[in-house]
Amino acid sequence: MTTNVVTVRETASFHEVAETLITAGIGGVPVTDGAAHVLGVVSEADLLRKEEFKQRYHCERYRSSLRAWLRHRVNGESGIRKKAEGETAGELMSRPAIVVTADSPVVLAARMMDRHGIGRLPVVRADGELAGIVSRRDLIKVFVRGDDEIKRRIRDDIVARALGTDPGAVEIEVRDGVVRLRGRVDERSRAITLAQMTRNLDGVVSVIDEVTWREDDIVPMSVIWGGA
């Protein structure tokens, strides 16, 4: 996450927003109020709608692209016209802003970027205050996390802290993000949770689970339904 974030106020003019994007070399900028709360986001696409609108309604030879046609179909003519006629960041921005929190999983941020076709997401605190910006590049960096760091996180955060298990009971081997777990724990449920939490750890590519257990504490569904 980048914490030094370029922003604009809701009253910023069209030209101010355009100059901000060009100067900073970015494709979108959060719009914030006086308390740094995120109100929306203005992107290059939002600015280009003004030119597209002029071409669409004032040029006989204009033929919209498939992307533009779909956008008009989804958002409606009134919404497109309103944005195209906007003169300030508040009028041009997309709202509500699509955001994540600082503790959001990397996978969630990646899915939101993919779903909405965006490359950057504002990161907000619990009260909506802007904390930073996360980009696709930031997400990719997670997957180059060192093997030693991944091993430490599994041992300290998952085995010891989350599961309350003796770290010496589990052998952890990490190579290029691929984790191999060996050892023996008390319950089967704990072994399953260990593997699941390890798979969900940022930077882990895959997990080879070879952990065994002393007690099978998982009751089969057939027993549950049979006793009902």
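User: Where does Pro96 lie?

Analyst: Pro96 is in the loop between helix 5 (89-92) and strand 4. Bear in mind that this is a predicted model.

User: And which bond joins Arg95 and Pro96?

Analyst: A cis peptide bond, with omega at about -5°. Most peptide bonds are trans.

User: What is the phi of Ala36?

Analyst: Ala36 has a phi near 70°, which is a positive value in a residue other than glycine. Ala36 sits in the loop between strand 2 (28-32) and strand 3 (38-43).

User: How do strand 2 and strand 3 pair, parallel or antiparallel?

Analyst: Antiparallel, over five bridges. One of the facing pairs is Gly28 with its bridge partner Ser43 in strand 3.

User: What sheet are they in?

Analyst: An open sheet of three strands in the order 1-2-3, with mixed pairing. Strand 1 (8-9) and strand 3 are at the edges with a single partner strand each, so one side of each has no neighbour in the sheet.

User: How many bridges join strand 1 to strand 2?

Analyst: Two, and these strands run parallel. Arg9 stands opposite Thr32 in strand 2.

User: Which strands does helix 1 lie across?

Analyst: Helix 1 (residues 14-24) lies across strand 1, strand 2 and strand 3. Its direction is at about 130° to strand 2.

User: How many bridges do strand 7 and strand 8 pair over?

Analyst: Six, in the antiparallel sense; strand 8 covers residues 178-187. Val174 stands opposite Val179 in strand 8. The two strands form a hairpin with two residues between them.

User: What is the phi of Asp176 in that turn?

Analyst: Asp176 has a positive phi of about 55°. Most residues other than glycine have a negative phi.

User: And strand 8 with strand 9, parallel or antiparallel?

Analyst: Parallel, over nine bridges. Glu187 stands opposite Glu215 in strand 9. The chain gets from strand 8 to strand 9 through helix 9, and this β-α-β crossover is right-handed.

User: Now pockets. What volume does the second largest pocket have?

Analyst: About 420 Å³. Its lining is made up of 22 residues.

User: Which residues lie nearest its centre?

Analyst: Ala102, Ser104, Pro105, Val106 and Asp202.

User: Which helices supply at least two residues of that lining?

Analyst: Helix 6 (106-116), helix 7 (136-142) and helix 8 each do, and strand 4 (100-101) does too.

User: How many of the lining residues are charged?

Analyst: Six, alongside 13 nonpolar and three polar residues.

Definitions and conventions: Residues are numbered from 1 along each chain as its sequence is written. This is a predicted model: local features need pLDDT of at least 70, side-chain atom pairs count only at pLDDT 80 or more; totals for chains, interfaces and linings use all residues. Side-chain values use heavy atoms; hydrogens and water are left out. Two strands pair if DSSP finds at least two bridges between them. Helices (H or I, at least four residues) and strands (E, at least two) are DSSP runs, numbered from the N terminus. On a 1 Å grid over the protein atoms alone, a cavity is a set of points where a 1.4 Å probe fits but cannot get out, and a pocket is an open set with protein on both sides within 12 Å along at least five of seven lines; lining residues have an atom within 4 Å of a point. Grid points are joined across faces, edges and corners, and a volume is the space filled by probe spheres set on the points. Ala, Val, Leu, Ile, Met, Phe, Trp, Tyr, Cys and Pro count as nonpolar, Asp, Glu, Lys and Arg as charged, and the others, Gly among them, as polar. A crossover is right-handed if, with the strands pointing away from the viewer, the path from the first strand over the helix to the second runs clockwise. Contact means heavy atoms within 4.5 Å. Axes are lines fitted to C-alpha atoms, for helices over the stretch in contact, and angles run from 0 to 180 degrees between N-to-C directions.
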